[in-house]
Structure formats: C-alpha cells, structure tokens
Amino acid sequence: MKRYFSVLLLLLTWLTSPAQSSFIVGDYNIRYNNPEDAKKDAAWADRLPHICDMVNYEGWDIFCAQEVLDDQLQDLLKGLDGYDYIGVGRIDGKKAGEYAPILYRKSRMRCISNGNFWLSETPDVVGSKGWDADQRRICTWGLFEDKSTKWQFWIFNLHLDHVGWVARRESAKLVLTRIEEMCDGKPYILTGDFNVDQDDEIYGILIESGKLVDTHDAAKQRMAKNGTINSFKTERYTKSRIDHIFVSPDFTTHGYGILTYHYWAPAKEGEGEYKPHVLSDHYPVEVRLELPRLRVPQDWAQYGNYEKKNSETKSPEVVFMGNSITSNWYRFHPEFFHENNYAGRGISGQVTAQMLARFRSDVIDLKPEKVVILAGTNDIAMNQGYVSIEHIFENIVSMAELAVHNDIEVVLCSVLPADRFSWSWEISSERAKTSIMELNDLLRTYAKENDLEYADYYSAMADENLALKKEYQKDAVHPNKAGYLVMEEIIQAILKK
C-alpha cells in the first residue's frame, strides 16, 4: 500500500507541477544581399557564417526572417543545422524577390500547413502591391506542431512597407483579420520587421486589438539594452524597437532579448588592428515561449470556426465540406458561392476525422439539398499522424451515410493530384501519388455502387507525372484561380443536373 501511495503521489506531483513545453523563437531582418554593402564592410559573404553560428548556438526552434533573397535562403539552409523552411518570393510567389520565410528545426517542429498572402487590397493575388506601399509585401504563415508535445500553433511572419503609412496601417488590420479567420482557438505568433516602433499608432492598432501581446512587455526576464535598428553602426544607440514578436494571450513569455552580437575582423589601414562589425543592419529579437504541458486542447474539431456563420446561414442549396482547398476556394472566388447559394465549410489542415466530428453542425444542421465532400489530402500528409487509406475512406463514407440518412444528396470528390506535401517532407513523392490514386479508386467505386455522384477533379488536373498541373497550381497541393475554375465547371455540371 505504501509503495502504491508513493507512486500515486509521484504521479500527482508530475500532473500538478508547473513544468511546461518551451521553445525559442527568433526574429531577424538579415538585410538583403546588396553588393553595395561591401563598401561598408558588410558583405553578405562576410556576415553569413556569423549569422548561422549565432542561430545554431542560440538553438532557435523557429527562425522568422525578413529581406531574404533566394540565394541567401539557400546559404542559410546550408549553414544551419537541421532546418527546413516555408515561404516564397514576394514578386512571383516562387523565387523572385524577398522572402519572409519561417525556418524551423525539423527535429522539434513539424509544419502541418502553410501559405502566403500579400499585404494589399487583393491579398490572394500573387505579387500584388497595396495602398501607398513602395514595395510588394508578403506575409508567410504556417500551422506548426511541436513534435514533443503534439501542441499546435500558428505563426505569421511579415515585413511592413518602409514608405507607405496607409499600407502599414491597412496591412496591420489585414493581418489581424486573417488571424481571426484562420487560428480558431489555437495559439498564434506574429513576427516581423514592422517598420514602426512601440510609440507608433500602428503598433497601438495591433496591441489594442486585444488579440496580441508584446513579448517585450510580457517577459518575466528581459535583456534589451538597445533597440533593434543599427544601420550597420556598432556604436548606434536607440530605444526604437521596429522588429517585434507578438503572441496570443495564452502564451507565457519567460525571456525576451535583443541580441547585440558583433564579430571582429581585421581593420583597414589606420583603423587599428581589428574592428567590430554587426551581423546585419538590425539586431535580432529572441523570445523563450511556453505553453502549459497539460493545457486542455481547444476545440480539436474546430466546431467554433463556423459557429457564427452557421447561425446566420439560411438553407444553403449546397454545402462544400473540406480542408484548405475548400476554404481557399471561397477566398479566390467568393462570387461562386454567393451567387449559387452555396456554403463553404473548409478548414485548413483538417483531416477526415475532424470533418466527421463537425459534420452535423457544419452540414446536417444547415439542411442543405446537397453536400460536396472533398477530403483526404491531410490524412495522406499525416497531419494528425498516420491513418491507413482504409480508415480515411471509412471516415468519408461515414459522412456520406450521415448525409443520406438526413435526406441530403451526396457528391463525393476525388482528392486532387499532388506529388509532394511541403509541410510533410518525410512523405515521398511516390507515396503521395500512389496513396491519392488508391483513395480515389475506393471513392469512385463506392459512389458507383451506391448511386452517388462523383466529381473527378483528378483526371482533369493531373499532369503526365501525376502531379497537379503547373497552370492550375498555387503550390503542389493547392489550386490557383485557374484551377478552381476547372473545378467549378466539373462540379456545376453535376449540381445543376
């Protein structure tokens, strides 16, 4: 009895202890590779090894950067220990122009889903420039999972315009809107070079929203004896912090630092033997964040995501159930939904088990005539861990049977072609392609045997290598507007019979 009591006491101590999941986030404007900087003894080739040494030494689990050109990104990936990244160039949505990448340690973090939007009036238009901005500006986002705890959180990384005041203000509002639309109860982090300091009106818009906490102010320990801008001058002092890491209120910030690292190099004649140099024209910000280990997960199925919309939606003709492919569809072409009395119920990153859990509240209770089910991509990508093709299929069948039982006509959709998942690098191209084909075969057969409609997007959108055709892709998984127009033609031919 004494031994059992001791074990129980030990277990209770562990359960009630304040031990938490902690990780380190760094934010750094590394300064773009400008050949003119060599005249200031600040050439990229000279700064690069010291930046990599600093990041590796500090052990950043997440590294959010700004002003990163593609050649610099490749240099960083070579010099950093075990990092991958998400992000695209801001000019063409591929490799041209500066990135606002999010790099992450693969041993600690897994990227579940990711994307980008432009800081403009048309945020989903690649390369768009907004308001009075001098440059195109981009925000890269990712939904991450801590491999050690399985907790998930969002990260948004951006670089606000340095000239346009209206652009900075409206960009701040846009990001707040996207956070509200996308995060749905999960913790989130917003990082970047905001080009506004702590006394600026736009900083006030972010803080006064009630959605964001400045880690500088929330930190239990702080080392910030300077601001974050140095203009390549080692002697410059400022109180101005224009590089920020904001977090949702459920994070605990245990440490905040502005890291004033220098390196020493031989001086020019007449300047002494050695001279100090900064690593960039900004100083990096580092925070140590924690989420409670036993924090109760908030709304795993994300019932709350459409709770308000569901209360306002009156008898849609069709509900589209799905993941980010469905939610992006609405963003790319909202008129398709509004003009046809269709309701989109896609949630980024979701697997079929989550969709099945919310199927009643997001489909059945709306009493539509028909439901279009497009699901399975994230299961194959192992967003919630491994699930067999048979079990993915069973989840989709369960949704179909629930719909039929409630007198809702069902349209099953093929999974779109994909040859890779950028957020699940461990899944080979061959496995991705064969898994999609196997699931589609099961869905097609089930639809035929049960007299259900089947929307075959796959055949129309796959190229000769079984990947999503280039002309239809935003990335390897998600369609662009041209891709959605193809999907609309296919699905309308079925729905309008």
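Two strands count as paired if DSSP finds at least two bridges between them. Strands (E, at least two residues) and helices (H or I, at least four) are DSSP runs, numbered from the N terminus. On those terms, Leu-158 stands opposite Gly-192 in β8. This is a predicted model, in which local features need pLDDT of at least 70 and side-chain atom pairs count only at pLDDT 80 or more, while totals for chains, interfaces and linings use all residues. Residues are numbered from 1 along each chain as its sequence is written, and side-chain values use heavy atoms, with hydrogens and water left out.

**The mixed sheet**

- Six strands make an open sheet with mixed pairing, in the order β5-β6-β7-β8-β11-β9.
- β5 and β9 (213–214) are at the edges with a single partner strand each, so one side of each has no neighbour in the sheet.
- Strands β7 (residues 152–159) and β8 (residues 188–193) run parallel and are joined by six bridges.
- Helix α5 (residues 201–208) packs on this sheet and touches β8, β9 and β11 (243–247). Contact means heavy atoms within 4.5 Å.
- The direction of α5 makes about 15° with that of β11. Axes are lines fitted to C-alpha atoms, for helices over the stretch in contact, and angles run from 0 to 180 degrees between N-to-C directions.

**The parallel sheet**

- Five strands form an open sheet in the order β17-β16-β18-β19-β20, with parallel pairing.
- Its edge strands are β17 (342–346) and β20 (453–455), and each pairs on one side only.
- On average, neighbouring strands here are turned by 20° against each other, direction ignored.
- Three bridges link β19 (residues 409–413) to β20 in the parallel sense.
- Val-411 has Glu-453 in β20 as its bridge partner.
- Helix α14 (residues 429–449) lies across β19 and β20 and runs at about 150° to β20.
- Helix α16 (residues 481–495) also packs on the sheet, touching β16 (318–322), β17, β18 (370–373), β19 and β20. Its direction makes about 170° with that of β20.

**Cavities**

- How many cavities of 30 Å³ or more does a search of the whole structure find? There are three.
- A cavity is a set of points, on a 1 Å grid over the protein atoms alone, where a 1.4 Å probe fits but cannot get out; lining residues have an atom within 4 Å of a point.
- Grid points are joined across faces, edges and corners, and a volume is the space filled by probe spheres set on the points.
- The largest cavity has a volume of about 90 Å³. Its lining includes Asn-116, Phe-117, Arg-178 and Lys-474.
- β5 (109–118) and α8 (324–332) each supply at least two residues of that lining. Helix α8 gives the most, with three residues.
- The lining of the largest cavity divides into three nonpolar, two polar and four charged residues. Here Ala, Val, Leu, Ile, Met, Phe, Trp, Tyr, Cys and Pro count as nonpolar, Asp, Glu, Lys and Arg as charged, and the others, Gly among them, as polar.
- The second largest cavity holds about 60 Å³ of space. Among its lining residues are Ile-112, Trp-154, Lys-186 and Gln-302.

**Residues to look at**

- Gln-302 lies in the loop between β15 (285–292) and α7 (307–312). Its phi is near 60°, a positive value in a residue other than glycine.
- Gln-302 counts as buried, at 3% relative accessibility. Buried means under 20% relative accessible area, exposed over 50%, and partly exposed in between (1.4 Å probe, protein chains only).
- Lys-367 is in the loop between α11 (359–362) and β18. Phi of Lys-367 is near 55°, again positive in a residue other than glycine.
- Is Lys-367 buried or exposed? Lys-367 is exposed, with a relative accessible area of 63%.
- Asp-146 lies in strand β6 (residues 138–146) and counts as buried at 1% relative accessibility.
- Leaving aside neighbours within four places in sequence, Asp-146 is in contact with Ser-21, Arg-108, Met-109, Trp-151 and Phe-153.
- Gly-82 sits in the loop between α3 (70–79) and β3 (83–86). Gly-82 is partly exposed, at 39% relative accessible area.
- With neighbours within four places in sequence left aside, Gly-82 is in contact with Tyr-104, Arg-105 and Lys-106.

Definitions and conventions: 1 Å grid on protein atoms, 1.4 Å probe; cavity = no way out; pocket = protein on both sides within 12 Å on 5 of 7 lines; lining within 4 Å.
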